[in-house]
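Me: I have a structure open and want to go through a few parts of it. Can you take some questions?

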Amino acid sequence: MNCRNTDPIVLQTKLVTGADLSNQSTGPGPEVTIQYYSSQAQAASIIEMALEELQEQQCPSEHITILSTKTYMQSSVKMLNNTWMKKIRVISGSAENPWPPSSLTWAQIQDFKGFENRYIILTDID
């Protein structure tokens with residue numbers, strides 16, 4: 001099921017960007033949660049809390065993808081604790097990335113085009 005254009009996602013995209021995407025939504029969907037941060041360390045802490053919450057809900061790690069506007073080396077994900085860092089598989093734009101994944105994944109937004117996952121954590125938005 002395509003969840004990229006659910007009512008909550010379309011609404012939040014319009015509110016945050018001010019753009020009317022003219023996309024019809026696919027209908028109801030999960031709530032969008034927005035958390036603001038002022039540093040990469042704070043962003044990493046928020047990501048860890050989200051990952052821990054999903055883990056407590058027994059969400060399989062392969063159902064989670066962290067997306068960033070920045071490169072992996074510049075992303076706030078580089079500040080996650082080692083426990084989470086060891087679980088992340090970086091997805092690049094190459095065809096060598098089998099899908100669906102078998103672990104927690106990270107990608108730059110443009111490298112994730114064509115992929116989907118159940119839970120997306122979007123970070124590094126200035």
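This is a predicted model: local features need pLDDT of at least 70, side-chain atom pairs count only at pLDDT 80 or more; totals for chains, interfaces and linings use all residues.

Me: Which side chains point which way?

Reply: Ile64, Ile66 and Ser68 point one way from S1. Thr65 and Leu67 point the other way.

Me: What does S1 pair with in the parallel sense over 5 bridges?

Reply: Strand S4, residues 119–123. In that pairing Ile66 stands opposite Ile121 of S4.

Me: And how many bridges join S1 to S3?

Reply: There are 4, and S1 and S3 (residues 104–108) run parallel.

Me: Where is Arg118?

Reply: Arg118 sits in the loop between S3 and S4.

Me: Buried or exposed?

Reply: Arg118 is exposed, because its relative accessible area is 63% and the cut-off for exposed is over 50%.

Me: How far is the C-alpha atom of Arg118 from that of Thr65?

Reply: The two C-alpha atoms are separated by 8.2 Å, with the residues 53 apart along the chain. Thr65 is one of the buried residues of S1.

Me: Changing topic: which residues make the nonpolar surface patch?

Reply: Leu11, Leu15, Val16, Ile34 and Tyr36 make a patch of about 570 Å².

Me: Where is Val16, and why does it count as exposed?

Reply: Val16 lies in helix H1, residues 7–17. Val16 counts as exposed because its relative accessibility is 57%.

Terms used
Residues are numbered from 1 along each chain as its sequence is written. Side-chain values use heavy atoms; hydrogens and water are left out. Buried means under 20% relative accessible area, exposed over 50%, partly exposed in between (1.4 Å probe, protein chains only). Helices (H or I, at least four residues) and strands (E, at least two) are DSSP runs, numbered from the N terminus. Two strands pair if DSSP finds at least two bridges between them. Patches are made of residues with over 30% relative accessible area and no salt bridge: like charges are joined within 9 Å, nonpolar side chains (Val, Leu, Ile, Met, Phe, Trp, Tyr) within 5 Å. Accessible areas come from the Shrake-Rupley method with a 1.4 Å probe; for residues, only the protein chains shown count as cover. A salt bridge is a side-chain nitrogen of Lys or Arg within 4 Å of a carboxyl oxygen of Asp or Glu.
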